[in-house]
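Trainee: Could we go through this model together and check each label against its cut-off?
Mentor: Gladly, let's take the labels one at a time.

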Amino acid sequence: MRLIQISPQEEGQRMERLLARYLKEAPKSFLYKMLRKKNITLNGKKADGSETLKAGDEIRIFFSEETYEEFAGQKEKMGVEYPEANLSILYEDPHVLLVDKPAGMLTQKATPKDVSLNEYLLGYLQRSGAWRETGEGNYGFRPSVCNRLDRNTSGIVICGKTITGLQKMSGLLRERKMHKYYQCLVSGTLTESQRIEGYLWKDAATNKVEILRSKRPGADWIATAYHPLQVFKDCTLLEVLLITGRSHQIRAHLASIGHPLIGDYKYGVRSVNESYRKRYGLRGQLLHAGRLVFPVMEEPFSALSQKTITAKIPDLMKRIIKDAKKG
């Protein structure tokens, strides 16, 4: 018999999903059969798998050790040792963690061999004892980032440490209840605040988007607001409010109005980018996710209620802005 005691990290998920993680090699039909026959119980009672789990709940699995190990797909081996990095943590509570991602780091893997912020997050939680992947005490849930930034975009990434945290943060992003502000340096001068709208269509083959004035099948409506913070001779420091959150939205939307981000080789002006590369070694767009403003939040997220989280502009971006002031 195996006993699984539900941890706070697992709270909020359905029983059938947790069982699928623990017994990943078992067919769903087999698990439902075991539930019907009470070979798998919840708090000593019959369950059907649809129950929402709470911390402290007890699942008992009445399999032989050999059968359990077979369906778990392991022989009591310990989990993967995730990599370590010196993460810049801006906020952390039992459910949520906010990290300042440096430019050049992937948020999530693009290929199986990649190492991304998501793996560094797992490594941090693994070493702190907040999470384990396999073996006795396996939490059955894998923490994850909730929002993605492009590799060369720096700034705040939201991570869910628990299923409750992941669901809540993902919901805020999906429902646009969280305000996300970016700082960026663009070519040309912009002197007035504006809100711009349009449609964004993504070409999956090239991983490039196109901004349209009218609707096209497969295109999504987008809205972006910007406010000039500092205007220089041939560039402008903007603060951008991302009203909708689509792939490459800020980069492509500003480029579509003739003010591409400096350093952006996908949507920008190559001659401008090359001049910054030669002078500063700049190899990516000057875009920073610098501020998050949370709405009114209830427990267990009351500590984030109406809270503003900020991440400082990276040193290279500061240097370029300082030089721009000199003219």
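The conversation below sets computed values against their definitions.

Mentor: A word on the ground rules: this is a predicted model, where local features need pLDDT of at least 70, side-chain atom pairs count only at pLDDT 80 or more, and totals for chains, interfaces and linings use all residues. Residues are numbered from 1 along each chain as its sequence is written, and side-chain values use heavy atoms, with hydrogens and water left out.

Trainee: How many helices and strands does the protein chain have?
Mentor: There are 8 helices and 15 strands. Both are DSSP runs numbered from the N terminus, with helices being H or I of at least four residues and strands being E of at least two. The C-alpha trace spans about 75 × 40 × 40 Å along its principal axes.

Trainee: What share of the residues counts as buried?
Mentor: Of the 327 residues, 49% do. Buried means under 20% relative accessible area, exposed means over 50%, and partly exposed is in between (1.4 Å probe, protein chains only).

Trainee: Why is Lys37 called exposed?
Mentor: Its relative accessible area is 51%, and the label requires over 50%, so Lys37 is exposed. Lys37 sits in the loop between α2 (28-36) and β2 (40-42). It also belongs to a surface patch of positive charge with Lys33, Arg36, Lys38 and Lys46.

Trainee: What makes a patch?
Mentor: Its residues have over 30% relative accessible area and no salt bridge; like charges are joined within 9 Å, and nonpolar side chains (Val, Leu, Ile, Met, Phe, Trp, Tyr) within 5 Å. Lys and Arg count as positive, Asp and Glu as negative, while His and the chain ends are not counted.

Trainee: What about Lys326 and Asp323?
Mentor: Their closest N and O atoms are 3.8 Å apart, and that pair is a salt bridge too. Both residues lie in helix α8 (residues 315-326), 3 residues apart, about one turn of the helix. Lys326 counts as exposed at 64% relative accessibility, whereas Asp323 counts as buried at 18%. As for networks, salt bridges that share partners join Glu81, Glu84 and Arg127 into one.

Trainee: Which residue forms a salt bridge with Arg277?
Mentor: Glu274 does, with the closest N and O atoms 2.8 Å apart. Arg277 and Glu274 both lie in helix α7 (residues 270-280), and Arg277 is partly exposed with a relative accessible area of 27%. A search of the whole structure finds 15 salt bridges.

Conventions: Accessible areas come from the Shrake-Rupley method with a 1.4 Å probe; for residues, only the protein chains shown count as cover. A salt bridge is a side-chain nitrogen of Lys or Arg within 4 Å of a carboxyl oxygen of Asp or Glu. The place of a charge is taken as NZ of Lys, CZ of Arg, CG of Asp or CD of Glu.
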